[in-house]
Amino acid sequence: MLTLRKKNLNYKKIFLFIILIGTFLYMTFLDYDNIKLLIHNPNKEIQEVKKIIIKLFFSILGKLVIFFILLSIYMHFQRSLKIKRLQKRLSLWSKLSYYIDKIGEEVFNELTIGIIVINTTNNTIEWINTYANKIFNNPNINTSLNLINKQMAELLNTQDKEKQIVLNIGNKFFDCLYKREFNVFYLFDVTQREKIQILYHQATPALIFLSFDNLENSLKNLDFSEQSQIKVEYLSAISDFFEIYESYLKQLSDDKFLLLLKREQLENMILEKFSILKNIRNISEKYKLNITLSMGIACYNLPFNQLAYYSQSALELAQKRGGDQVVVNIENQKIQYFGATKASLNTNSKIISRVNSEIIKDLIQKHHNCFFMSHKNPDLDAFGSMIAIYKIASSLNNNQDHYIIMDINLMEKNFQNIYEILNQENPNLFKNIIDFQKANKMINKNSLIIIVDNQHLEILDNKELLTLTDNIIIIDHHRSSEKIISNKFAYIDASASSTVEMIMELIFFLNHPVYISPLEATIMYGGMIIDTNYFTSRTSERTLEVASRLINMGAESQKIKLWLRQSYDQILEMNQLLSRMEIYMKKFAIITSDKPIDDRSFLAKVAENSLNVQNIEAAFVIGELSSTHQIGISARSCNDNINVQIVMEQMNGGGHINSAAAQIKNANINDVVLELKTILKNEYQEGNENMKIILLEDLTDKGKKEEIIQVNAGYGNYLIRTKKALLANSQNIEKLKQNKKIQEEKEQQKILLMTKLKEEIEDKPITIQIQIGPNGEMHGKITPKHIIDELYKSHNILLDKPKIILDNEINSLGIYKANIILKDNIIANLTINVKAKKS
């Protein structure tokens, strides 16, 4: 519209310009004779010339005056038109302003839009409309916004011009929009939208694969009847547990199951932390079997074939991590782990080790040169593993050069000392150890990188080297996670004590001579000693077998003890930290350092020493690492009852069941301690095994309504959340007793009332008249409704849906007896006289 107006204005200007030109030419034409006379008769007398010039001047002047008069008249006319248009527009706006004021007033006060104006000087309410008053229960003007709603108060700190969040106030949801320019909040009711989203969220399909770990191997030595009995007990435990979640359970094989349910039920399982794992362990302990349960869960809005793929991947991850656990993969969430409260089952057979040995042997032989690396701040297990796999590659491809990648400048001080001692004892061992810069120049696409004692990119010595080749092998004894480095082949055994143990088993099955010197064997043996804490944890028959071989190769435990000795200052500092020990929940030692820690392994040594304190089952030592300025945590436990790996994984760390660690960025020690205590309380608070509840409805095989029963804590919490039960605390039990007493009193009153009513009915017979045909037959039949209506009509006794039982069918005239069941054991006998209706 605006463009069209501009075009019309341009056309008017052009038209006016043409008129002016035309007028000027016309005026010139009128004076043409005088001009011609002057030009063609230049010899005329001066007097005549003057007369002509004067005449011509006044003619042109007059015409110009007339022209300007006409122009002014035109301009005045245009101005008048413009004024009239403006007056009309103002008149229209004046009419509209009334309605606009009314609409604005309605928006502010009547429509369901909450508006709050804030005084940003002190963050208080300056003005609030009617609807916002209802939302926040009529707050006073000048009330602090922080007292009204903390989420809204936090929006005041935003630097954005506009910021929107969703508020949950009572049972309603609101879109809350904050406009910084005007210091105003707008609130829009979006309850229906959010409820639909919640329903959609809760209905997301979840697919679960369940698998028994080590079922076949554990049962193979039992007779058929014993196997059947034990399997039935396992199946009953699974069936009973999942029945309460209204899910679909299907057995796929002896040891594998499929479960379908919705996200709402899955979230209830997560809150209970999958107590089915413990139920299965209890059965296994009862029969002294090494059988556990692993579960892989996927919850996505995807077709079931893709959902099954994610679920199977989660199950495989649970089994790689050692079984006896649940891996939960929910859309747009970090993968969660539950269970694994016991050490990993040793399910790795010698057949698997032999197969893996052949695979690794083939891969090494196919590549010209190999490079070996581990994690940051290597320990003796990492170093010993690199030496062991280096010796294998050198034996298989002795005409090629292979290298261990380590940078002495990035080692912790304690390990640097050991490294220098070893270098002095045997310089030849270290000639093929290179730093990252040399490795970067030497590795090409045909090279093979073997990563030992690590599978995570975040703690790898050098990430950039992995971009130089796709040929990567991983050998590790830590539990797997979803963040495993991309590889050609991965050999991960969470039941192994150390990576040295795994590689030594590979050497045994190589059928190829691999020479290991006494010094090399000592380094490997040292790795096993540290990871098993001198063979007191994570030690199996396999572990001792490998340790025996290393001793036969010349490993010296005395030399290891000398390497691991601590300085006088370290011992003093350790004792100072031990004196700061806080005992939490009577079994956890929590120690914090107020000084930066130079050597990360020092935290681990303090944690190990803390376990020497009586009744301490796990220790957590926390300090700021001077090298990274992150908060480091070292965790140790002295038995399998406390899985410190699960605790550290919740703090973005990892490790083993008895030995784990974490490093936390952008945090302070106090916040880390608080988070640690919260996790420990949630995982290991005593008294949460079983609980007593009051049933609010009948539950099959559990109990009747208002009965007090004892159930598993997870199941009990589920029943409480779904309003099928109440916690059986003293308050609720007392309330239950009072309710029962009131019910009993009401029941007694009802019995008295029904007894009196029985007597009244029996004293007052009724007569029902019915139409009789010419042959004496009845038209229609008498129903209980007829009896109830007649009783009310005749005696004003109204019965509410009583049960009436007739001795005989009423099919003729006469006197009949009917039993009216008023209550259990209270039956009134009613006399009914059936007569013919008079015509």
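This is a short exchange about a predicted model.

Trainee: What makes up the protein in helices and strands?

Mentor: The protein has 27 helices and 30 strands. Buried residues account for 43% of its 839 residues.

Trainee: Why is phenylalanine 173 called buried?

Mentor: Buried means under 20% relative accessible area. Phenylalanine 173 has a relative accessible area of 16%, so it is buried. This residue lies in strand 4 (residues 172-179).

Trainee: How do you know which residues phenylalanine 173 touches?

Mentor: Contact means heavy atoms within 4.5 Å. Leaving out residues up to four places away in sequence, phenylalanine 173 touches Val166, Leu167, Asn168, Phe188, Asp189, Val190, Thr191, Glu194 and Ile198. One of these, valine 190, is 17 residues from phenylalanine 173 in sequence, and their C-alpha atoms are 5.5 Å apart.

Trainee: Why is helix 14 called roughly parallel to helix 17?

Mentor: The axes of helix 14 (residues 380-396) and helix 17 (residues 499-509) cross at roughly 15 degrees and come within 8 Å. Angles under 35 degrees count as roughly parallel, so helix 14 is roughly parallel to helix 17. The crossing is left-handed.

Trainee: Which residues make the contact between helix 14 and helix 17?

Mentor: Helix 14 contributes Asp381, Gly384, Ser385, Ala388, Ile389 and Ile392, and helix 17 contributes Thr499, Val500, Ile503 and Ile507.

Trainee: How do the residues of that contact divide into nonpolar, polar and charged?

Mentor: Six are nonpolar, three polar and one charged. Asp counts as charged, so Asp381 of helix 14 is the charged one.

How values were computed: Residues numbered from 1 in each chain as written. Predicted model: local features only at pLDDT ≥ 70, side-chain atom pairs only at ≥ 80, totals over all residues. Heavy atoms only, no water. Axes fitted to C-alpha atoms, helices over the stretch in contact; angles between N-to-C directions. Helix = DSSP H or I, 4+ residues; strand = E, 2+ residues; numbered from the N terminus. Parallel < 35°, antiparallel > 145°, perpendicular 65-115°, else oblique. Left-handed = near helix turned anticlockwise from the far one by under 90°. Buried < 20%, exposed > 50% of the residue type's maximum accessible area, 1.4 Å probe, protein only.
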